[in-house]
Amino acid sequence: MKNIIVAGGAGYIGSHMVKMLSLAGFNPVTVDNLSTGHRDAVLYGDFEECDIADSVRMGRIFEKYNPSAVMHFAAFSLVGESVEKPEKYYRNNVTGTLNLLETMRRHACDRFIFSSTAAVFGNPDYLPIDEKHPKEPVNPYGRTKLVIEQVLGDYAKAYGLKYVVFRYFNAAGHDESGQLKERHSPETHLIPLVVQAAKGERAHIAVYGNDYDTPDGTCVRDYIHVIDLCAAHLAGVKYLEDGGAPEDFNLGNGSGFSVKEIIDKVKLVSGMDFKVKTEGRRAGDPASLVAHSAKARRILGWQPEYIDIEDIIKTVWKTA
Ligand SMILES: NC(=O)c1ccc[n+]([C@@H]2O[C@H](COP(=O)([O-])OP(=O)(O)OC[C@H]3O[C@@H](n4cnc5c(N)ncnc54)[C@H](O)[C@@H]3O)[C@@H](O)[C@H]2O)c1
């Protein structure tokens, strides 16, 4: 059985990936320092509590498992925090990743799948956003991810690194069995927040701005189900195993939904009513962000299954 290192496998997306890898016949080896992840979310494969920046211990892990590839989800990803504490973000997301890449080189492991983000694009010039869209991130979080994308290009040329970059738009949804959940603390993602309001766990849900240039005035985002994201990663492993060249892919489901639409859908799915308060715009929120994912469909043969936002929300409500 091939071992695949899943850095950040105790987190929201990583824990779903670990399950999918295991069901697909790989042995996932989670490497996680549990800074934002949960030990009990790692239900399959091996677990090593370790920081990716710890080159000595990471070296031992590579010797022990001789991984055929590395999937790298381990990062900090709160935009607001990255503005207040850029050093924390550059240290973990950039230095940590450089150390991980260095450990891979030392152990002749040359397949790498990287979790990047729509935040590398900044304010969109056009929609939907394809891979060629200018990359001008407007916050330190986005810049840390763009730096690594550029590092990967240079390492591919100089050292023959084989990599795939996936830029996620808004990851959403849960494993339908209810085994795995989104458990960020603090939670900043819209769907889990609205579901908390529907469960009566928060007094109201705040809508930041209703005067954007969108059909109902609230921000529009592209929500991609976590299972569809993980399926793309699995296709990425196969692509690299088949000798595919380094590539970058935007992953979204291609449809935008407004904040108001999400709130209305959660009310519909849950049958619950709750307070909605409109507040002022937040700095740096673009009106709309929608992905163009045709490249992933064409090259990887990837096809998202959760197209309907109601189905995505149901997976969260059902297991909430
Ligand atoms: N969730 C989204 O909507 C979204 C969107 C775009 C990109 N991403 C990217 O996807 C990845 C996963 O996101 P998530 O939502 O699952 O986040 P998460 O916080 O739930 O998971 C990250 C995991 O990485 C671990 N980790 C962090 N730094 C580490 C280190 N130095 N060493 C070892 N482990 C470390 C954490 O403990 C956690 O388990 C991140 O890289 C994030 O930037 C997420």
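This is a predicted model: local features need pLDDT of at least 70, side-chain atom pairs count only at pLDDT 80 or more; totals for chains, interfaces and linings use all residues.
Local features need pLDDT of at least 70 and side-chain atom pairs count only at pLDDT 80 or more, while totals for chains, interfaces and linings use all residues. Residues are numbered from 1 along each chain as its sequence is written, and side-chain values use heavy atoms, with hydrogens and water left out.

**Overall fold**

- The chain has 10 helices and 13 strands. These are DSSP runs numbered from the N terminus: helices are H or I with at least four residues, strands are E with at least two.
- The C-alpha trace spans about 55 × 40 × 40 Å along its principal axes.
- Of the 320 residues, 53% are buried. Buried means under 20% relative accessible area, exposed means over 50%, and partly exposed lies in between (1.4 Å probe, protein chains only).
- Among contacts with a separation of 6 or more, 76% come from residues 24 or more positions apart. A contact means heavy atoms within 4.5 Å.
- The accessible surface of the chain is about 13,800 Å², and carbon and sulfur atoms hold 49% of it. Accessible areas use the Shrake-Rupley method with a 1.4 Å probe; for residues, only the protein chains shown count as cover.

**Ligand site**

- The ligand is surrounded by 29 residues. The cut-off is one heavy atom of the residue within 4 Å of the molecule.
- The closest residues are Asp-32, Thr-36, Asn-92, Tyr-141 and Lys-145.
- Helix H1 (12-23), strand E5 (111-117) and helix H5 (140-159) each supply at least two residues of the shell. E5 gives the largest share, 3 residues.
- A polar side-chain atom of Asp-32 lies 2.5 Å from a ligand oxygen atom.
- An N or O atom in the side chain of Thr-36 is 2.7 Å from an oxygen atom of the ligand.
- Gly-11 places a backbone N or O atom 3.1 Å from a ligand oxygen atom.
- The ligand taken alone exposes 830 Å², and the protein buries 97% of that.

**Helix H10**

- H10 covers residues 309-319; Ile-309, Ile-312, Ile-313, Thr-315, Val-316 and Thr-319 are buried there.
- Seen down the axis, the buried residues of H10 fall within an arc of 150°, so they line one face of the helix. The arc is that of the directions from the helix axis to the C-beta atoms.
- An α-helix has 3.6 residues a turn, so residues three or four places apart point the same way.
- Cover for the buried residues of H10 includes strand E7 (170-172), helix H6 (190-198), strand E9 (220-225), strand E11 (256-258) and helix H8 (259-270).
- Asp-308 caps the N-terminal end of H10, with a side-chain oxygen 2.9 Å from the backbone nitrogen of Glu-310.

**Two residues in context**

- Thr-103 lies in helix H4 (residues 86-106). Thr-103 counts as buried because its relative accessibility is 0%.
- Leaving aside residues up to four places away in sequence, Thr-103 touches Ser-55, Met-58, Gly-59 and Phe-62.
- Arg-202 sits in the loop between H6 and strand E8 (204-208). Arg-202 counts as partly exposed, at 33% relative accessibility.
- With residues up to four places away in sequence left out, Arg-202 touches Leu-193, Gln-196 and Ala-197.

**Backbone geometry**

- The peptide bond between Leu-127 and Pro-128 is cis, with omega about -10°. Pro-128 is in the loop between E5 and H5.
- A cis peptide bond also runs from Ser-185 to Pro-186, with omega near 5°. Pro-186 is in the loop between E7 and H6.
- Leu-34 is not a glycine, yet has a positive phi of about 60°. Leu-34 lies in the loop between strand E2 (27-32) and strand E3 (46-49), and counts as partly exposed at 24% relative accessibility.
- Ala-108 has a positive phi near 55°. Ala-108 is in the loop between H4 and E5, and is exposed, with a relative accessible area of 70%.

Conventions. A polar contact is a pair of N or O atoms within 3.5 Å; within protein, one must be able to donate a hydrogen and the other to accept it, and residues adjacent in sequence count only if both atoms are side-chain atoms.
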